[in-house]
Amino acid sequence: MSRSWERMIERNQKQVNKRRKKEGKQALSAAGSKVEKFKGRSYFAPILLLLVAAFFIVVSQPWSDAYEQNATLFWLTVVAYVLLALVYFLRRPYLSIAKDALETRRFTGYKRLKPAEIRKIVQQPGYIIVETVKGGNWVFSRFKNLYPIEEMGERLREYAIAHKIEWEQRETVKAQSDKEKWTGK
């Protein structure tokens, strides 16, 4: 089906469902495509920020008599680091797999990849790597962000087959020598 035909069907489904809702009936089908979202949990950055706050406290020693700085500003800085750690902990990283795109959130904002922008998807123990045609690769790690790698891998494999994207399953992490890293051979 062409994309314009799909949009027309979605638009008509929304209109029918809106009318059925006014009549008190249940919607026929969900408007839009099914989106599957895999959430992780960021713990690395919050721990690092809490360690920086603890480092400030230990190095500055605000309880000693030799402390000559503004105590209010010091404690505001420490509280700001703790709040930033809380924000990073509560703001969960995710990978969203829609019918025609992958989406995630990075430090610079929300990023979206269409199938034409994906060169290859690699699954290896503890990691999933989405190699892009342009730009940096997307790496999803069980160690760093506690992603459910096995479930993500199954769904991304279906996505790769549906969009004819190269899929690679590695049983071990591939180690490269320094020569391979620099020469690509």
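Rings of Phe, Tyr and Trp count as a pair if their centres lie within 6.5 Å, with planes over 60 degrees apart called edge-to-face. I needed that before opening this predicted model.

**Entry 1: aromatic pairs**

How many aromatic pairs does the structure hold? I find 5. I looked up F56 and Y81, which are edge-to-face, at 5.4 Å centre to centre and 75 degrees between the planes. F56 sits in helix 2 and Y81 in helix 3, so this pair ties together parts that are 25 residues apart in sequence. Buried or exposed?

Next I turned to F74 and W75. They also form an edge-to-face pair, 5.0 Å centre to centre with 75 degrees between the planes. F74 has a relative accessibility of 9%, so I put it down as buried, the cut-off being under 20%. W75 is partly exposed, with 38%.

I also noted a cluster in which ring pairs link W138, F140 and Y147.

**Entry 2: helix 3**

I went back to helix 3, residues 71-90. Its 20 residues should span 28 Å at 1.5 Å a residue, and I read 29 Å between the end C-alpha atoms, which agrees.

Which residues of helix 3 are buried? My list has F74, V78 and A85. Seen down the helix axis, the buried residues of helix 3 fall within an arc of 35 degrees, so they line one face of the helix. I reminded myself that an α-helix has 3.6 residues a turn, so residues three or four places apart point the same way.

What do the buried residues of helix 3 pack against? They pack against helix 2, residues 44-60. On the other side of helix 3 I found T72, L73, L76 and L90 exposed.

I followed the chain through two hairpins. Strand 5 and strand 6 run antiparallel and are joined by 6 bridges. One position I looked up here is I118, which stands opposite T132 in strand 6. The hairpin leaves 2 residues between these strands, and G126 in the turn has a positive phi of about 85 degrees.

Strand 6 also pairs with strand 7 in the antiparallel sense, over 4 bridges. Here I see I128 opposite F140 in strand 7. This hairpin has 5 residues between its strands, and G135 in the turn has a positive phi of about 95 degrees.

How many residues of strand 6 are buried? I count 5 of its 6, so to speak mostly covered.

**Entry 3: the largest nonpolar core**

Last, I looked up the largest nonpolar core, which has 19 residues. Which of them touch the most other members? They are L95, L102, I118, I121, F140 and L156. I then checked which elements give two or more residues to this core: strand 2 (94-97), strand 5 (118-124), strand 6 (127-132), strand 7 (138-141) and helix 5 (149-163). Helix 5 gives the most, with 5 residues.

Leaving aside neighbours within four places in sequence, the contacts of L95 include F38, L102, F140, M152 and L156.

A general note to myself: in soluble globular proteins, nonpolar side chains tend to be buried together.

Note on methods: Residues numbered from 1 in each chain as written. Predicted model: local features only at pLDDT ≥ 70, side-chain atom pairs only at ≥ 80, totals over all residues. Heavy atoms only, no water. Core = buried A, V, L, I, M, F, W, Y, C linked by side-chain atoms within 4.5 Å. Buried < 20%, exposed > 50% of the residue type's maximum accessible area, 1.4 Å probe, protein only. Contact = heavy atoms within 4.5 Å. Expected span 1.5 Å × (residues − 1). Arc of directions from axis to C-beta. Pairing = 2+ DSSP bridges. Phe/Tyr/Trp six-rings, centres within 6.5 Å; stacked < 30°, edge-to-face > 60°.
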